[in-house]
Amino acid sequence: MGMYCDQCQESIRGTGCIARGVCGKDEMTAKLQDVLVYACEGLALVAEELPGGIPRSVGQLISESLFVTVTNTNFDEDAIVAEIRRTLAKRDELKSSIGAVPDYDAARWSGSTKEDFLVKALTSGIENLSANEDLKSLKSLVLYGVKGLAAYTDHAAVLGYHDDEIYDFYVKSLGSLAKSLSADELTALVLETGATAVKAMALLDKANTETYGNPVVTSVKTGVGSRPGILISGHDLRDLEDLLKQTEGTGIDVYTHCEMLPAHYYPAFKNYTHFVGNYGGAWWAQDREFASFNGPILMTTNCIVPVKESYRNRMFTTGMAGYPGLRHIPSRPEGGQKDFSALIELAKTCQPPQEIENGTITGGFAHNQVIALADKVVDAVKSGAIKRFVVMAGCDGRQNSRQYYTDVASELPQDTIILTAGCAKYRYNKLPLGDIGGIPRVLDAGQCNDSYSLAVIALKLKEVFGLEDINQLPISFDIAWYEQKAVTVLLALLYLGVKGIRLGPTLPEFLTPNVAAVLVEKFGIKPIGTVTGDIEAMMAGA
Ligand code: SF4
Ligand code: SF3
């Protein structure tokens, strides 16, 4: 029953990961995640049959369960099994409500080992979904896009924001994955995933900005203070809020890591004097950086890499994140906060972080801030001071070939502006790339979901310049992907009509040649080439 996983950019070339993931996911964890997806499909099929609409609780449960299966989010088999049980129990509760006989016996399963669980679930049909390679490829595109959506809607839900149309799409898309659909039907579903991705990013943008204010231009320190610190990583701003409240006045500083960096751009977090800066870079270097941080580390979401002994006792997970042997901070009670006292008590016994750099990172150029600067930007375009915008959003990763993005950023002409979001920025956000008349040459909108801001900015520019089509703007897209949220962002951009996106460092392995050919023909997607060749082509508008 070997594992097979091809959902991220670092899957082993040509074969997917078949013995152990490059990410560290082992066979059992991979198969349990497959079972969880399969359980979500079963829940969706039952929910489709409900008279009187789909309860919100179904969409929310699917969103949480799928988030568990996003790359580098949860490696804890017990937590995944608990999530499978929760999903199957919901399915059978719904089945009973419409008079159908539940086929999941919670009492019987609760005594089963993980291995029993797996075999029973697998023999009920999970392997039957992949007859035709092209259909499987289209289904993968939908599933991975929906996994990214799941992460975004979970963050919005934590802040009390929901969109039942998105939740209903979970049921429609997951139910569809369990059925025999034609290539045309699946292609339509891919586009609908893109449309829903735009909605989900808009929802999360609304949740974040209404709760914490519109991001403003901010200079974030990368050095360290003299007090012990807690490092918070991942994407969940509500966790940060609870942590900042609970650490106030304790003598502990709070630092962001990786995708939590953009939290500094929100007005609501600026009043916390102990919220001192950002430590380190992108997710994949965390083993070195967590070791030298010296204090507790909180992973609120992806991306976790295999945990080293040197910081194992200092690392905690929360939310949908999980890792065997790490302490997990439970959900917050209704209307309350999560309890981070274990981290705070531990921090008091720790040394301050060891300094690994000492500079600043500037960001906060989400749509509201950039549109406030619109006159300046438009004048610079009209005068020729800005020749081109290059969107370099997405993910970072381990592979050396990602040096391409550092080189493109360094070698782009001085009259270009880089628009970024997501952890891809760590390839160039500490370089001295200068500014154009006071506008920094790297405009960081925020987390990967804030790619939505980049789309809003592009649509605004289209309107200001009176253009018919977003592709007439002097904008090129040179996107880096790694995990499924980048697939979601890509599908959103395609839905918005963006053509000619460069995608790297490699095209997804789950795309068969036929499916890749459709993306090339319809949307002009292309793999990255050489640094010089791509810069020349982008400057020429290709
Ligand atoms: Fe391999 Fe990526 Fe799947 Fe991990 S998530 S097993 S690295 S394809
Ligand atoms: Fe990064 Fe994991 Fe994708 Fe949110 S933190 S962008 S890789």
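**Entry 1: a loop asparagine**

I began with Asn 294, which I found in the loop between α10 (286-293) and β5. I noted at once that I am working with a predicted model. The phi angle of Asn 294 is near 75 degrees, a positive value in a residue other than glycine. I then looked up its cover: Asn 294 has a relative accessible area of 25%, so I wrote it down as partly exposed.

Next I turned to Asn 72, in the loop between α2 (56-68) and α3 (77-97). Phi of Asn 72 is also positive, near 65 degrees, and this residue is not a glycine either. Is Asn 72 buried or exposed? Its relative accessibility is 3%, and buried means under 20%, so Asn 72 counts as buried.

**Entry 2: the whole chain**

I stepped back to see the overall picture. I counted 19 helices and 16 strands in the chain. The C-alpha trace spans about 70 × 60 × 45 Å along its principal axes.

How does the radius of gyration of the chain fit with a compact globule? For 542 residues, a compact globule would have a radius near 24 Å, and the chain has 23 Å, so the two agree.

I also looked up how much is tucked away: 59% of the 542 residues count as buried. The chain exposes about 20000 Å², and carbon and sulfur atoms supply 52% of that area. For contacts between residues at least 6 apart in sequence, I noted that 74% join residues at least 24 apart.

**Entry 3: charges and a pair from distant parts**

I went on to the charged side chains and found 50 positive and 65 negative ones. The centres of the two sets lie 2 Å apart. I reminded myself that side chains of opposite charge can pair when their charged atoms come close. How many salt bridges does a search of the whole structure find? The search gives 27.

I picked one to look at first. Asp 253 and Arg 227 meet through their side chains in a salt bridge, at 2.7 Å from N to O. This pair links distant parts of the chain, with Asp 253 in strand β3 (residues 253-256) and Arg 227 in the loop between β1 (218-221) and β2 (229-233), 26 residues apart. Asp 253 has 4% relative accessibility, so I listed it as buried. Arg 227, with a relative accessible area of 33%, is partly exposed.

**Entry 4: pairs within a helix**

My next pair was Arg 238 and Glu 241, whose side chains form a salt bridge at 3.9 Å, N to O. Both residues lie in helix α9 (residues 237-247), 3 residues apart, which is about one turn of the helix. Arg 238 counts as buried at 19% relative accessibility, and Glu 241 is buried too, with 16%. For Arg 238, I checked the cut-off: buried means under 20%.

Then I looked at Glu 309 and Arg 312, with a salt bridge of 2.9 Å, N to O. Glu 309 and Arg 312 are 3 residues apart in helix α11 (residues 309-312), so about one helical turn separates them. Glu 309 is exposed at 60% relative accessibility, while Arg 312 is partly exposed with a relative accessible area of 23%. I also noted a network of salt bridges that share partners: it joins Arg 238, Asp 239, Glu 241, Asp 242, Lys 245, Arg 332 and Lys 338.

I found Phe 275 in strand β4 (residues 275-278). Its relative accessible area is 9%, so Phe 275 is buried. What does Phe 275 contact, leaving aside neighbours within four places in sequence? Its contacts are Leu 240, Leu 244, Val 254, Thr 256, Ala 263, His 264 and Phe 269. Phe 275 and Leu 240 are 35 residues apart in sequence, and their C-alpha atoms are 9.9 Å apart in space.

Asn 449 sits in the loop between β13 (442-444) and α16 (451-464). At 2% relative accessibility, Asn 449 counts as buried. Not counting residues up to four places away in sequence, Asn 449 touches Tyr 152, Met 201, Leu 204, Asn 208 and His 235.

**Entry 5: cis peptide bonds**

Last, I looked up two peptide bonds. Asn 302 and Cys 303 are joined by a cis bond with omega about 15 degrees, and Cys 303 lies in the loop between β5 (297-299) and α11. The bond from Gly 504 to Pro 505 is cis as well, with omega near 0 degrees. I placed Pro 505 in the loop between β15 (502-504) and α18 (513-523).

Conventions. Residues are numbered from 1 along each chain as its sequence is written. Chains are lettered from A and ligands numbered from 1 in the order in which they are written. This is a predicted model: local features need pLDDT of at least 70, side-chain atom pairs count only at pLDDT 80 or more; totals for chains, interfaces and linings use all residues. Side-chain values use heavy atoms; hydrogens and water are left out. Helices (H or I, at least four residues) and strands (E, at least two) are DSSP runs, numbered from the N terminus. The radius of gyration is taken over C-alpha atoms; the globule rule is 2.2 Å times the number of residues to the power 0.38. Buried means under 20% relative accessible area, exposed over 50%, partly exposed in between (1.4 Å probe, protein chains only). Contact means heavy atoms within 4.5 Å. Accessible areas come from the Shrake-Rupley method with a 1.4 Å probe; for residues, only the protein chains shown count as cover. Lys and Arg count as positive and Asp and Glu as negative; His and the chain ends are not counted. The place of a charge is taken as NZ of Lys, CZ of Arg, CG of Asp or CD of Glu. A salt bridge is a side-chain nitrogen of Lys or Arg within 4 Å of a carboxyl oxygen of Asp or Glu.
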